[in-house]
Structures are given as C-alpha cells and as structure tokens.
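Let's walk through a protein model together, one question at a time. Keep the structure open while you read.

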Amino acid sequence: MSAKKTTLEFNDQIVRQFVLATILWGVVGMLVGVIVATQLNFWQLNFGISWLSFGRLRPLHTNAVIFAFVGNMMFAGVYYSTQRLVKARLASDFLSQLHFWGWQAIIVSAAITLPLGLTRGKEYAELIWPINIAVALIWVVFAVNFFWTLARRREPSLYVAIWFYIATIVTVAMLYIVNHLSIPTSLLHSYPVFGGVQDALVQWWYGHNAVAFFLTTPILGIMYYFIPKAAERPVYSYRLSVVHFWSLVFVYIWAGPHHLLNTALPDWLQTLGMTFSLMLWAPSWGGMLNGLLTLRGAWHKLRTDPVLKFMAAAVTFYGMATFEGPLLSIKSVNALGHYTDWIIGHVHGGALGWNGFMAAGMIYWLLPRLWNKPLYSASLANLHFWIGTVGILLYMAAMWTSGITQGVMLSATTDNGTVLAYPNFLDTLNTIRPLMLMRVVGGALYLTGFILLAYNMWQTLRGAQPVNGTVEVFDDEAAPGESRMGVLGTFLNPPVLFSVLGCGFACAWMFGGSVISMAGLVGTLVCGILAYAHWESRGQAWAGWYDRLLVNSAPFTILTFIAVAAGGLIQIIPLAIAHRASNVEDRRQVPYTPLELAGRDIYVREGCYVCHSQMIRTLVPDVLRYGEYSRLGESIYDHPYQWGSRRTGPDLARVGGKYPNVWHLRHMEDPRSISVGSNMPPYPWLLKNDTQVAALPSKLSVQRTLGVPYPNWTPEQITARVNEQAKAISADLKAAGAYVAPEKEIVALIAYLQRLGKSESIAAPAAMAKAGQ
C-alpha cells in the first residue's frame with residue numbers, strides 16, 4: 001500500500017522581502033559609491049558639512065554594499081534554495097521575520113551612525129558596539145532558523161550549496177565576534193581589545209575572510225543551486241565540488257596577512273599569508289570551472305536568456321578576481337599595487353562583477369516565480385547586462401591603469417635609487433585625475449543598470465499576486481536522525497586523520513627549527529604519499545564515509561569549523577602572546593597624552609584612515625619619501641591600529657614635528673592654501689566644536705585595562721593636563737598669527753598629529769639580558 005502524499009508550502013514571503021530589500025539597498029549603496037567617487041574628483045561636493053564628508057561616507061558605502069546589498073541577496077538565496085534542497089519549510093516564521101526586520105534595523109542604524117562619525121575606525125568593521133551586539137544576535141537568529149530547518153529536512157543528504165551555507169554561518173560568526181571584541185567607554189564608543197600589530201593581523205584575518213565567507217562562500221552556494229536551475233543542467237562535477245569546498249574553506253582563512261606585506265608584521269606571517277594566497281588559485285579556479293562547465297549544452301541560451309548572461313559573466317568575474325588576488329599577494333607585485341587604486345579595482349571587480357551580477361541573475365530568475373507573473377521586459381534585463389558590463393570594464397580599466405601608474409610614480413627613483421623621481425605626492429594624484437573621473441562614469445553606468453532592474457521589478461510586480469512554492473512529500477517521511485555518525489565515525493577515519501597529520505607536519509615544516517623543519521617536510525611528504533596510496537586502494541571507503549557524513553549536519557558543521565578555525569589560531573595566538581610592549585625590539589611607542597588621545601579619536605571619527613596610512617613599509621621609495629620604516633613597537637598601544645589600506649594622501653607615520661602647528665591648522669581649514677591641487681576637503685567644524693574632555697577619564701580607564709601604561713589620574717588631573725597642552729598649542733598658533741581657542745577640536749587633532757612618529761628607544765631583549773648578567 002502506497003503512502004499518502006501531502007503538499008508542503010514553502011515560506012517564500014521572507015524571500016520576497018529580502019529580494020525587495022536587496023534592490024533598495026543595492027541602489028542606495030551604489031549611489032553613495034558614485035557620490036564618494038565624485039568627491040575624490042570635486043572636493044566641493046563635501047559641502048563643508050561633517051556628515052557629508054568623504055571620510056564618513058566612504059564607510060557608509062562599503063557597509064551598505066557588503067551588509068545591506070549582498071547580505072540581503074544572500075539571505076534571499078539561502079532561504080529560497082535551502083527549503084527546496086531539504087524539502088522542508090523554514091522552521092520558524094517568527095524567526096524569519098525577526099531576522100529580516102532585525103537586519104534592516106541594523107542597516108538603518110549604520111546609515112545613521114556612520115555619517116555622524118560614530119565608528120570603530122576599522123575597515124568593514126566600523127559599526128559601534130551596540131550595533132555589533134545586534135548583528136551577533138540576528139546572526140544567531142539566522143543560524144538557529146537554518147540549522148533547525150536542516151534538522152527537520154526530508155532530504156537525507158546535504159547538497160553542495162548547503163555545505164557553503166554552513167561554512168558561511170559558522171565562520172562569519174567566529175570572524176565577527178573575535179574582530180569586534182571591544183571594551184566600551186560609553187554608550188556610543190569603545191576601544192578594540194587588540195592593538196597595534198595584533199589588531200592589524202586580527203583585522204585582516206577578519207577583513208580578508210569577510211570577503212571569503214560573506215561575499216564568496218554563500219554566493220558560491222547560490223551559484224551551485226541557481227546555475228543548474230537556470231541552465232536546466234546538472235552540476236558539472238560532484239567530485240570537483242567536494243575538492244573545491246574543503247580546500248577553499250581551509251586555505252582561505254590563512255591568507256589575511258597578504259594585506260600587510262612589507263609592513264612591521266613579522267616575516268613568518270607575511271610569508272605564510274603569501275604562500276596560502278598563491279595556493280588559493282587552485283580551489284578558486286576549480287569552483288569557477290565547475291560553474292562555467294555546468295553550462296555545457298546550454299551555451300546557446302545565453303543569446304536570449306538574461307539570467308544566464310548575468311550568471312556566466314558573474315562566474316567569469318569571480319575567476320578574474322581570484323586570479324588577481326593571489327597575484328597581488330606576491331611581495332614584489334604587492335609593493336607596486338598596495339595603497340593604490342589597483343586594489344580598489346580588484347575589490348570592485350569582485351563586488352560588481354561577481355556579487356552584483358550574481359545578484360541580478362538570481363533576482364531576474366526569482367521574480368516570475370515569486371510573483372507568478374512573467375518578467376516585464378527581457379529586453380530591459382539584457383540592456384541592464386550590457387550597461388553594467390561596460391560600467392564594470394570602464395571602472396576596472398581606470399583603476400588598474402590608475403593604480404599601476406601611481407605605484408610606478410611613487411616607486412620611481414633616480415641617481416641609482418637614492419633620489420625620488422616624483423618627490424611631491426600630489427604629482428601622482430594630478431596624473432591620475434582623468435582616470436578617477438572615468439571611475440565615476442563606470443560606476444554611474446553600473447548604477448543605471450540596477451535602476452533599470454528596479455524599474456523592471458516595479459513593472460513586473462504591478463498587478464502580480466505573490467505565490468509560495470510547494471512540493472509534494474510523503475506523510476511518513478521523517479526528518480533524518482542526528483545519530484547516524486558519532487564522534488568516532490566522524491574523526492577516527494582515514495580522510496580526517498591524514499588531513500590532521502598532514503597539517504601538523506606542514507606546520508612543523510614551516511615553523512620549526514632546522515631539525516624539526518626537516519622532519520616536518522619528510523612527514524608531510526610521507527603523509528601525502530600514504531594518503532594517496534590509501535585513497536587509490538580504498539577509495540570506496542573514503543566515498544562511503546563522506547556519504548555518511550553528508551547525512552548528518554552536526555559532524556559536518558564541526559569539521560567545517562575546525563578547518564576554518566585552524567589557520568586563525570595558528571596565526572593569531574603566537575602573535576598575541578609574543579608581541580607585547582615588553583617584548584618589542586628597538587623602539588616602543590610612548591602613550592599619548594590625554595589631549596593627544598582625544599585628537600586621535602577625532603582623527604578616527606573623521607575617517608582619515610581611509611586616505612592616509614600610518615605605516616612606512618620596508619621599501620626604499622617609502623623610506624626616501626616618508627622617513628625610516630615603521631617598527632612593530634611604534635604602534636603597540638594603538639587601539640585601533642591605523643596602518644591604513646589606501647593612500648589618497650601621503651603616509652603620516654612620521655609627520656609629527658615635520659610642520660609647525662599653524663601648517664596643520666591651515667591644512668585642515670583650507671587644504672589648497674597649503675597643498676596646491678589637493679583633493680582633500682576642508683574641516684571647518686573642527687574649528688567650531690569643543691573637545692569632549694569629559695569623556696577622557698572613561699577612555700583612559702579603558703586604555704589602562706587594555707595594557708596602556710597610563711597613571712591612575714583623577715578627572716581633575718586629566719583636565720589640567722589637557723588645558724596645559726592645549727593652551728601651549730593655542731599660544732603657538734597665536735604667535736603665528738592664527739588664534740584658535742584651546743578647547744577646540746582642531747587643537748586636539750594638531751596635538752595628535754604632532755605626536756606621530758615619536759617613540760622611545762629601548763635595548764633589544766638580548767642586549768638587556770646580557771646587561772643583566
């Protein structure tokens with residue numbers, strides 16, 4: 001007797017909500033991007049208004065595109081595909097709605113606080129601590145809803161897209177929590193627990209892998225679901241998808257240090273980051289080829305189907321971006337490209353080409369199915385594709401050319417490498433101005449394409465009726481049990497044991513002394529040979545174990561977490577333990593005075609780090625231009641670190657004492673009166689606003705907690721010290737013919753800028769030990 005069937009209705013209402021939010025925030029984020037790109041060409045568009053200045057709007061742009069646009073798109077794709085892949089409705093309608101409205105509230109909060117200058121001063125991690133707590137809570141809501149749905153699934157085995165969703169959920173949670181660990185000084189301000197080089201490493205462990213696990217792995221999962229659906233073809237290679245997934249999630253997490261090449265970061269970490277970045281070529285291109293080859297037999301559809309156009313182009317741009325990333329991680333190439341527009345072009349190639357086009361393709365595919373009405377105009381969708389493609393190509397070509405031009409000019413020397421060919425930084429800026437304007441044109445074209453998408457959607461939805469997808473299931477189909485594979489079955493098996501042993505030997509090879517390193521190399525080779533031999537002879541056992549693993553989500557999730565956590569632990573823990581103020585060599589930072597600390601917070605608030613670095617690399621042109629290369633100990637007390645990632649203006653690591661106080665005043669008041677041709681906006685509000693001295697006792701208390709050696713001053717002593725230093729600066733300005741009241745923010749900022757580059761010389765630990773004998 002056959003079992004009775006019943007119709008299961010999916011919760012597609014939540015998918016519709018996230019799709020609409022994706023389009024709304026996508027247009028907003030891209031519009032802000034066009035505005036800030038235009039501000040780089042026309043400083044007048046800052047309007048002399050604090051909350052419209054480039055330094056405050058640029059973080060708004062990046063957060064809007066990453067968390068609002070791609071985030072909403074990701075949630076829409078995950079919720080739509082997961083329900084169909086596991087044959088189960090989302091576990092909780094309440095959690096789904098809480099997730100949606102909570103995420104939108106976070107986006108609105110960011111859109112309000114960032115222009116107000118409420119920031120942590122770390123790229124892609126600017127949001128203040130109350131919003132960060134909200135992000136963590138909503139992410140937990142998402143995770144609970146997702147894993148609860150998996151527990152209720154009627155499809156026993158987990159499809160490849162689900163693997164990438166699981167990796168995204170566990171890894172983003174780990175990255176976000178660690179990098180956002182902070183101690184509040186008030187309701188709207190905090191200091192990160194990591195400082196200096198530790199903060200730099202943790203930041204780019206997070207920053208690089210936010211790209212990996214927020215902008216890449218979930219979109220790869222969406223690719224593995226929607227491209228086969230759109231092309232009506234199966235995934236090209238299941239075996240390749242297995243290799244793609246596990247190699248990508250393991251290797252990606254190690255590559256963060258390539259953002260800090262040629263800096264004060266220890267060499268072993270730089271080498272590690274570069275090595276694993278080069279290794280990323282293989283899994284990344286494996287995934288790209290798997291996506292493109294899935295279109296075999298369906299290439300003819302690209303002529304008329306805008307969905308496949310967008311998706312095929314997206315995967316192609318993914319391949320381009322993942323080729324360029326490892327290329328830029330090579331030290332010699334990085335020396336040319338880092339701090340220039342080449343990096344901006346690389347990032348936007350992935351964001352616009354990979355994320356943006358995949359989002360457009362997914363939305364065009366979903367609209368008719370979510371609202372039970374044909375797309376209003378396929379012609380408009382095709383026009384969107386071509387306008388967007390031309391926009392991306394213009395943008396990337398401009399940034400590549402601009403970046404390489406600026407890198408070459410800044411590195412050019414004469415007289416056998418002893419004199420800079422272009423000593424004035426503005427020479428390079430003025431050379432690339434036409435290319436910076438071309439970027440605006442490319443970005444505006446891309447934005448126009450998404451406005452066409454919004455119009456197409458609006459016309460499609462007019463008179464349409466929302467519809468939820470359904471699937472027929474047997475009444476007696478039960479969710480698979482979660483006890484099919486225990487701890488022993490999960491970990492005590494050849495694939496896991498060979499992987500763990502191989503990684504252990506490889507670590508000994510990379511980090512050990514001469515004997516241990518040689519033993520590690522031999523062990524790695526032997527382990528690899530034995531693993532290959534065992535797989536050749538017992539391949540069916542390996543496949544059978546993996547098939548059993550896919551039946552249970554818990555062991556799979558645990559193994560995924562171990563794979564992604566290993567790299568971070570091996571990199572961060574030794575640095576956090578060893579590189580403290582008591583262990584640094586050569587030089588050590590002197591803690592800021594209370595007034596200088598207040599000035600530093602103003603510097604962070606205004607987003608100065610998005611245009612200026614504070615890290616002189618170990619490269620001859622950098623040293624000739626800015627002074628001695630930066631030491632690790634010179635930023636050991638900086639919470640947050642301010643090494644920067646782009647130089648629209650010169651490095652400031654040793655600017656202290658280089659110019660008189662009045663120079664800094666005039667420079668902030670009217671940059672072009674000091675630097676002819678500068679595109680820096682003026683900051684008139686700094687001459688009007690008073691320094692928040694009342695907040696300093698709490699800030700200094702937190703700094704002491706973080707290990708900065710401040711005395712336990714009373715509020716009165718702090719105020720006295722602030723007044724003494726501020727009055728001295730104000731008197732110096734008056735003597736130069738420019739009076740500013742001591743309590744104004746510009747005085748605190750000048751105090752901070754004049755401190756940069758000042759440190760105390762200390763004996764090396766070996767010399768100290770010898771002296772103590």
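Q: Does Phe-385 count as buried or exposed, and at what relative accessibility?
A: First, a bit of housekeeping: this is a predicted model, where local features need pLDDT of at least 70, side-chain atom pairs count only at pLDDT 80 or more, and totals for chains, interfaces and linings use all residues. Residues are numbered from 1 along each chain as its sequence is written, and side-chain values use heavy atoms, with hydrogens and water left out. Buried means under 20% relative accessible area, exposed means over 50%, and partly exposed is in between, using a 1.4 Å probe and protein chains only. Phe-385 therefore counts as buried, at a relative accessibility of 8%.

Q: What about Trp-386, buried or exposed?
A: Take the relative accessibility of Trp-386, which is 51%. Because of that value, Trp-386 counts as exposed.

Q: How many aromatic pairs are there?
A: Rings of Phe, Tyr and Trp (its six-membered ring) pair if their centres lie within 6.5 Å; planes under 30 degrees apart count as stacked, over 60 as edge-to-face and the rest as tilted. Going by this rule, the number of aromatic pairs is 53.

Q: What kind of pair do Trp-163 and Phe-245 make?
A: Their ring centres are 5.8 Å apart. The ring planes of Trp-163 and Phe-245 meet at 65°, so the pair is edge-to-face.

Q: How many residues apart are Trp-163 and Phe-245?
A: Helices (H or I, at least four residues) and strands (E, at least two) are DSSP runs, numbered from the N terminus. Trp-163 is in helix 5 (residues 160-179) and Phe-245 in helix 8 (residues 238-252), so to speak two distant parts of the chain. Trp-163 and Phe-245 are both buried. The pair links parts of the chain that are 82 residues apart.

Q: Which residue has its charged end over the ring of Tyr-80?
A: A charge sits over a ring if NZ of Lys or CZ of Arg is within 6 Å of the ring centre and within 35 degrees of the ring normal. Over Tyr-80, the charged end sits 3.6 Å from the ring centre, and it belongs to Arg-84.

Q: And which residue lies over the face of Trp-43?
A: Look 3.7 Å from the ring centre of Trp-43. The residue lying there, over the face of Trp-43, is Arg-672.

Q: In which sense do strand 2 and strand 3 pair?
A: Two strands pair if DSSP finds at least two bridges between them. A hairpin joins strand 2 to strand 3 through 2 residues, and Ser-182 has Pro-192 in strand 3 as its bridge partner. Strand 2 (residues 182-186) and strand 3 have 4 bridges, and their sense is antiparallel.

Q: Which residues point the other way from His-189 and Tyr-191 in strand 3?
A: In strand 3 (residues 189-192), His-189 and Tyr-191 point one way. All the residues named here are buried, and the ones pointing the other way are Ser-190 and Pro-192.

Q: How many salt bridges does the search of the whole structure find?
A: Side chains of opposite charge can pair when their charged atoms come close. A salt bridge is a side-chain nitrogen of Lys or Arg within 4 Å of a carboxyl oxygen of Asp or Glu. Over the whole structure, the salt bridges number 26.

Q: How many residues apart in sequence are the parts that Glu-155 and Lys-87 tie together?
A: The closest N and O atoms of this salt bridge are 3.8 Å apart. Glu-155 is in the loop between helix 4 (129-151) and helix 5, while Lys-87 is in the loop between helix 2 (54-86) and helix 3 (93-113), so the parts tied together are 68 residues apart in sequence.

Q: Are Asp-341 and Arg-646 buried or exposed?
A: The side chains of Asp-341 and Arg-646 meet in a salt bridge, at 2.9 Å from N to O. Asp-341 is in helix 13 (residues 341-371) and Arg-646 in the loop between helix 22 (620-626) and helix 23 (661-669), 305 residues apart. Both Asp-341 and Arg-646 are buried.

Q: How many residues of domain 3 are in contact with domain 1?
A: Domain 1 (11-463) and domain 3 (591-771) are two of the parts of the chain, with bounds from an automatic or database domain assignment. Their centres, taken over C-alpha atoms, are 33 Å apart. Contact means heavy atoms within 4.5 Å. In domain 1, 66 residues take part, and in domain 3 the number is 54.
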